[in-house]
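Me: I've got a structure here that I'd like to go through with you. I'll just ask things as they come up.

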Amino acid sequence: MSKTLLIISREYMTRIKKKSFILMTILGPILIAALIVLPLYISKTSEKEMHILVVDENDYFINKFHDTKKLTFSYLSGDIDDLKKSCIEGKYDAVLHILPGIQSNRSNLYFHEEPSLSLRPNLEEQMDKIIFDKTLIDSFNINPTLFEDIKTNSKAMITSLQIDESGNEQQRFTEINRIIGIICGFLIYMFIFMFASQVLRGVLEEKTNRIVEVLISSVKPMQLMLGKIVGVAMVGLTQFALWVVLTLALLGIIQISSPNFFGGEATSISANANPEAIISSIDSTGMLQETNIMNEINNFYSFSFSTLLFSFIFFFLMGYLLYASLFAAVGSAVDNETDSQQFIMPITIPLLLTIVLIMPMAEDPNGPLAWWLSMIPLTSPIAMLIRIPSGVPLWELITSMTILVLFFFFSAWIAAKIYRTGILMYGKKITYRDLFKWIRYS
Amino acid sequence: MEFIKIQNITKSFSNHIALEDVSFTINKGAVTGLLGPNGAGKTTLIRILNQITLPDNGQILFNGNPLHRKNIENIGYLPEERGLYKKMKVGEQAIYLARLKGLSEKEAVERLHYWFQKFDIESWWNRRVEELSKGMQQKLQFIVTIIHEPDFLIFDEPFSGFDPVNTNLLKQEILELKKKGATIIISTHNMASVEEICDDIVLIDHAKKILEGKLFDIKQKFKKHLFYIELADFNQDIEEKMPSEFIITQKNKLPKGIGLTLRIPVEMKANEILHYFINQSEIITFNEILPSMNEIFIETVQ
C-alpha cells in the first residue's frame with residue numbers, strides 16, 4: 001500500500017472511530033427527521049377537531065359559518081348562562097356568543113380547555129367576511145346566488161412555468177426552490193467549515209505534538225498534507241451519506257409505524273414549504289387536488305434532483321478542498337489555535353459574507369449578486385447551490401466549476417509551499433510577510 | 001570504511017547561513033558524535049541527511065551513491081523535537097509508523113512484539129499514548145525509530161528527558177545496534193555520554209565544521225601533557241629537588257599523602273616523572289590527564 005494511502009486510511013479510521021463522529025452521525029438524522037416531523041406533529045395535535053356552539057342574538061350568522069374537517073359549528077338560541085355551561089360538560093369545545101347589535105360586532109368566546117391560537121382569528125375572519133358579504137348584498141340588492149358565482153369566478157391564480165433552451169415548459173414552485181437552495185447553501189457552508197477546521201486542527205496537532213518531524217522523515221510533506229485532506233474529505237462524505245441513509249430510514253420507520261403521517265398529510269409538507277401556492281389552488285378550484293400537486297412536486301424533483309445531488313457533492317468536495325488546503329497552510333504556519341485566528345479570518349470572510357447574503361440571493365437567484373458570487377471561487381460553493389434549484393444554465397454551471405477547480409490548484413500550490421516550510425517552524429510568531437517569503441523562497 | 005560522505009554542503013535560509021561548505025565522512029559501523037553549540041547548524045544537517053530539507057549546494061553519498069528518496073527506509077531518525085499522536089493506541093501507532101517506513105503490517109507486528117517484550121511494555125499495547133509516562137513514551141519512540149532495522153541511525157539529543165536508568169538502557173541499546181553493524185550518528189550536548197559511546201567526533205560551530213576525527217586522536221591532539229600523581233609523603237625537600245621542567249599546576253592535600261598535577265614539556269616522557277618520584281616516596285596513583293570532551297568543546301568553540 002502506498003504511503004499516501006496509509007496516511008489517508010489513518011486519518012479516516014481515527015476520525016470515524018471518534019465518539020464525536022458517532023454522536024454526530026446518530027444525532028444528525030434525528031435532528032433532521034425531527035425538523036421535518038415535529039412541525040407536522042405539532043400542527044396535527046394542536047389542531048384537534050373543534051365543535052363550536054354559536055349563540056347568535058341577532059340571528060345574523062346562523063348557518064353562515066364554514067364547516068371544515070377541524071372545525072364544525074352548531075347553532076342554538078337560548079339563555080347564554082345555561083348554554084355556556086355546555087363547554088364545561090364537554091358537549092362543545094367552545095361557545096361563541098354574539099351579542100346584540102351587528103355593527104358593534106361584539107362577541108364572547110367561552111371555553112373550558114384553551115383552544116388553539118388560530119381559532120379566534122379564524123372566527124373573526126369568517127365573521128368579517130359574512131358581515132362584508134351581507135352588507136354588500138343588502139345595500140346593492142344583489143342576488144345572493146349571483147354574488148356567490150361572481151366570487152368564485154373572480155379568483156386569480158398564477159402558475160410559474162420555466163422554459164428551457166429547447167422550449168420545454170416546466171412548472172416551478174419558486175418558494176420550494178428557494179428553500180431548498182437556502183438549505184443546500186447552508187449545508188455546504190456547515191460542511192466546509194466543519195471539515196476544513198478538522199484539517200486545520202489535525203495539522204496543528206501534528207505540529208504541536210512534534211510528531212511531524214518523525215513523519216516527514218518517512219514521507220514527503222506533500223503526501224502528509226494530501227493524505228490528511230483526502231482522509232477528512234472521506235470522513236465528510238461518509239457522514240453525509242450516513243445522514244441521508246439514516247434520515248430516510250428514520251422517516252421510513254415513522255411512516256410504517258403511523259401510515260397516515262405522510263400519506264394523508266403529504267400535502268402538509270408542501271403546504272409548510274409553500275403555503276400560498278397550496279392555498280391559492282384550494283381557493284381557485286374550491287377543492288384541493290392533492291394528487292396533482294404531489295405529482296408536480298415529484299416532477300420537480302425528477303427533473304433536477306440528480307443535478308442537485310451531483311452539484312452538491314461537487315461543490316462540497318471542491319469547496320472543501322479549496323478551504324481545507326488553505327486551512328492546512330494556516331495550521332502549519334502557526335503554533336496554536338489562537339494564533340491561527342488572524343490568518344483564518346481573511347480566508348473565511350468570503351464564506352461568512354455569502355451566508356449573510358443568503359436571503360437576498362435566494363430572493364433573486366439569477367440577479368447580479370447571486371450570479372457573481374456563484375462565479376467567484378471562494379463563494380461559489382454556497383452561492384451556486386442556492387441558485388441550482390431555481391435552474392442554472394449549463395454553461396454557467398460549467399464555468400463556475402472550472403473556475404473553482406483552477407483556483408483550487410492555485411491555492412493548493414501556495415498551500416503546499418507554506419506547509420512545507422511552516423511545519424518545521426517552531427516558536428516564532430509568523431506574519432504575512434513570512435508567508436509571502438516562504439511562497440517566493442521555495 | 002566510509003559509509004556516508006558529506007561533501008561541501010551549504011544551506012542558507014532567508015536571513016542566515018545554517019551550513020557553510022561542510023564536508024566530513026561517517027564511518028561504517030561507528031558511532032559518530034555530532035557536536036556543536038546551539039544554533040550551529042546540527043539540526044539543519046540532520047534534516048538534510050533525512051531529506052527533509054534540500055541543501056543549496058553540495059551532495060551526500062550514501063554507501064557510495066548519491067542520497068536517494070528510497071534511502072529513507074535505510075535511515076532511522078529520532079528527532080530532538082519528538083512526539084506521538086496522543087489519542088492513538090500504542091500498538092496501532094507503532095504499526096502505523098513502522099509501515100510508513102516500508103514494513104508490511106505482519107512484519108511490523110512481529111518485530112514490535114519482540115521489542116515490546118524486551119522493553120517490558122507489552123501490557124501497554126492497547127493503551128492510549130497519553131496514558132503513558134514520559135519515559136514510556138521515549139521507549140516507544142526509540143522502538144519506532146529502529147523498528148525497520150535501518151543501516152543508518154540518527155539520534156538527535158537521544159538522552160534528553162530520560163532518567164538515569166533509562167539513559168543507561170538507551171546507551172546499551174545503541175551499543176547493541178552498533179555491534180549488529182549499524183552506523184550511528186548522535187547529536188548531543190551530553191559530553192559524558194559522548195566519551196562513553198562515540199568512536200568519532202564531528203564538531204560544528206557557526207555553520208562550519210571545525211573538528212573531525214577519532215575520539216582518541218582528538219583527545220591526544222588536545223592533551224596538555226598533564227599528569228596526576230598521588231604520593232604517600234611529600235615535603236619541601238622533594239619539591240625543591242624536583243627537575244625544573246616539572247611544573248606543579250595543582251596541589252591537593254589528601255587524608256594520607258598528597259595529589260599533584262604536573263605539566264611536563266612536550267618532548268618529555270611520562271617515565272621521567274616516575275623515575276624521579278619513585279626514589280622519593282611511595283607512589284599511590286599515576287595517570288595522564290587527558291582533556292574531557294567538555295573541555296575540548298569549550299576550548300574549540302571559544
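Me: At what angle do H9(A) and helix H18 of chain A pack, and how far apart are their axes?

Reply: They pack at about 115°, and the axes are 9 Å apart. H18(A) covers residues 394–422. The axes are lines fitted to C-alpha atoms, for helices over the stretch in contact, and angles between N-to-C directions run from 0 to 180 degrees. Bear in mind that this is a predicted model: local features need pLDDT of at least 70 and side-chain atom pairs count only at pLDDT 80 or more, while totals for chains, interfaces and linings use all residues. Residues are numbered from 1 along each chain as its sequence is written, and chains are lettered from A and ligands numbered from 1 in the order in which they are written.

Me: Which hand is the crossing of H9(A) and H18(A), left or right?

Reply: Right-handed. A crossing gets that name if the near helix is turned clockwise from the far one by less than a right angle, and left-handed if anticlockwise.

Me: And which residues make that contact?

Reply: H9(A) brings Pro221(A), Met222(A) and Met225(A), while H18(A) brings Ala416(A), Tyr419(A) and Arg420(A). In contact means that the C-beta atoms, placed from the backbone, lie within 7 Å. By class, that's five nonpolar, no polar and one charged. Here Ala, Val, Leu, Ile, Met, Phe, Trp, Tyr, Cys and Pro count as nonpolar, Asp, Glu, Lys and Arg as charged, and the others, Gly among them, as polar.

Me: OK, what about H1(A) against H9(A), what's the angle there?

Reply: About 40°, with axes 8 Å apart. H1(A) is residues 3–16 and H9(A) is residues 221–257. That angle makes H1(A) oblique to H9(A), as under 35 degrees counts as roughly parallel, over 145 as roughly antiparallel, 65 to 115 as roughly perpendicular and the rest as oblique. H1(A) passes H9(A) in a right-handed crossing. The residues of that contact divide into ten nonpolar, five polar and four charged.

Me: How do you decide what's a helix or a strand anyway?

Reply: They're DSSP runs numbered from the N terminus: helices are H or I with at least four residues, strands are E with at least two.

Me: Switching to sheets. In what order do the four strands in chain A sit?

Reply: S2-S1-S3-S4, in an open sheet with mixed pairing. Strands pair if DSSP finds at least two bridges between them. S2 (71–75) and S4 (107–111) of chain A are the edge strands, each pairing on one side only. From one strand to the next, the twist averages 25°.

Me: How many bridges join S1(A) to S3(A)?

Reply: Five, and S1 (residues 50–56) and S3 (residues 94–98) of chain A run parallel. Within S3(A), Leu96(A) is the bridge partner of Val54(A).

Me: What's the sheet order in chain B?

Reply: Six strands there, S6-S7-S8-S3-S9-S10, again an open sheet with mixed pairing. S6 (75–78) and S10 of chain B are at the edges. The twist averages 15° from one strand to the next. H1(B), residues 42–49, packs on that sheet and touches S3, S7, S8 and S9 of chain B.

Me: How is chain B divided into domains?

Reply: Domain 1 is 2–220 and domain 2 is 224–301, with bounds from an automatic or database domain assignment. Their C-alpha centres lie 41 Å apart. Eleven residues of domain 1 of chain B are in contact with nine of domain 2. On the domain 1 side, H6(B) gives the most, with three residues.

Me: How do H2(B) and H4(B) cross?

Reply: At roughly 30°, with their axes coming within 9 Å. So H2(B) is roughly parallel to H4(B). The contact has Val90(B), Ala94(B), Leu97(B) and Ala98(B) from H2(B) and Leu140(B), Ile143(B) and Val144(B) from H4(B). That's seven nonpolar, no polar and no charged residues.

Me: Last one: how many residues of chain B are in contact with chain A?

Reply: 18, and they meet 17 residues of chain A. Helix H2 (residues 90–100) of chain B gives the largest share of the chain B side, four residues. That side has ten nonpolar, three polar and five charged residues.

Terms used. Contact = placed C-beta atoms within 7 Å.
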